[in-house]
Amino acid sequence: MTNKYQRVVLKVSGEALAGETGFGIDPKTMKTIAQELKEVYAMGVQIAVVCGGGNIWRGKTGEEIGMERAQADYMGMLATIMNALGLQDALENQGVPTRVQTSIEMREIAEPYIRRRAIRHLEKNRVVIFAGGTGNPYFSTDTAAALRAAEIEADVILMAKNGVDGVYSADPNIDKEAEKYEELTHTDVITQGLQVMDSTASSLSMDNDIPIVVFNLNEPGNIRRVVAGEHIGTTVKG
């Protein structure tokens, strides 16, 4: 069977890595995600991952307590690197070869981000984890996912949400009448202010014609189903 997508960027939020604890890295959750990725890896799909850092630190939190925004964002970038190293370890324990590339150089623990090297790793069937966001303050890890997807010419961005199975017209946890969208355009997302990713990331995805699939990470097998072409969650495209 031919997979629908051959090269993917999976965006995993920091909150998803925290599991039910809500903070930090939950080893059981990390292992589960690694097992899910191993299934997709076995399908011959080239996988890149972008980790968020909200389970450890959010730049917005620092700003709210009076910290300089750039300083707070740099702390958030370091949080994403911690998550990336944890995911690397979990994947390699599953026998999946992995490389971490950081936008902020830390040569003792990871490779610096080099586009051509990242593509070569993917071609050699290694999972590449992009850490440190874009390397610049004021940009989210959603934007990092859109940027890296464009750079490595990924077929799709997989937005793995923690317990949310797609894009809704309103917060389904608050508004029981909220409508779930099966399919949207990038323009819909931007003009309606739908919370798929931030506006910079949405614009970047639209400009480079990269589809996005938003789905529930907590449902076992969902990453594999999306890659195989099953219609789950919400698809955002041109």
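Q: Why are helix 2 and helix 4 called oblique to each other?
A: In this predicted model, helix 2 (residues 27–42) and helix 4 (residues 69–93) pack at an angle of about 60°. Under 35 degrees would be roughly parallel, and roughly perpendicular begins at 65. The pair is therefore oblique. The axes of helix 2 and helix 4 are 9 Å apart, and the crossing is right-handed.

Q: Which residues of helix 2 meet helix 4?
A: Met 30, Ile 33, Ala 34 and Leu 37 of helix 2 meet Asn 83, Gly 86, Leu 87, Ala 90 and Leu 91 of helix 4. Contact here means heavy atoms within 4.5 Å.

Q: What makes up the contact of helix 2 with helix 4 by class?
A: It has 7 nonpolar, 2 polar and no charged residues. Gly counts as polar in this scheme.

Q: Why is helix 6 called roughly parallel to helix 8?
A: Helix 6 (residues 141–151) and helix 8 (residues 199–207) pack at an angle of about 15°, and their axes are 8 Å apart. Since angles under 35 degrees count as roughly parallel, that term applies to helix 6 and helix 8. Their crossing is left-handed.

Q: Which residues make the contact between helix 6 and helix 8?
A: Helix 6 contributes Asp 142, Thr 143, Ala 146 and Leu 147, while helix 8 contributes Thr 200, Ala 201, Leu 204 and Ser 205. By class, the residues of this contact are 4 nonpolar, 3 polar and 1 charged.

Q: How do you know that Gly 53, Asp 73 and the others annotated with them as "binding site" cluster in space?
A: The unreviewed UniProt entry gives this annotation to Gly 53, Asp 73, Thr 134, Gly 135, Asn 136, Pro 137, Tyr 138, Phe 139, Ser 140 and Thr 141. They are spread over 89 residues of sequence, yet the largest C-alpha distance is 14.5 Å. The lining of the largest pocket takes in residues from this set, including Gly 53, Asp 73 and Gly 135. Gly 135 is in the loop between strand 5 (127–131) and helix 6.

Q: Why do the residues of the other "binding site" annotation not all gather at one spot?
A: This annotation, also from the unreviewed UniProt entry, covers Lys 11, Val 12, Ser 13, Gly 14, Gly 54, Arg 58, Asn 162, Tyr 168 and Asp 171. The farthest two C-alpha atoms are 24.2 Å apart over a span of 161 residues, so they do not all gather at one spot. Arg 58 is in the loop between strand 2 (46–51) and helix 3 (59–64).

Terms used. Residues are numbered from 1 along each chain as its sequence is written. This is a predicted model: local features need pLDDT of at least 70, side-chain atom pairs count only at pLDDT 80 or more; totals for chains, interfaces and linings use all residues. Side-chain values use heavy atoms; hydrogens and water are left out. Axes are lines fitted to C-alpha atoms, for helices over the stretch in contact, and angles run from 0 to 180 degrees between N-to-C directions. Helices (H or I, at least four residues) and strands (E, at least two) are DSSP runs, numbered from the N terminus. Angles under 35 degrees count as roughly parallel, over 145 as roughly antiparallel, 65 to 115 as roughly perpendicular and the rest as oblique. A crossing is left-handed if the near helix is turned anticlockwise from the far one by less than a right angle, and right-handed if clockwise. UniProt positions are given in the numbering used here, feature names are shortened, and annotations may be inferred rather than shown by experiment. On a 1 Å grid over the protein atoms alone, a cavity is a set of points where a 1.4 Å probe fits but cannot get out, and a pocket is an open set with protein on both sides within 12 Å along at least five of seven lines; lining residues have an atom within 4 Å of a point.
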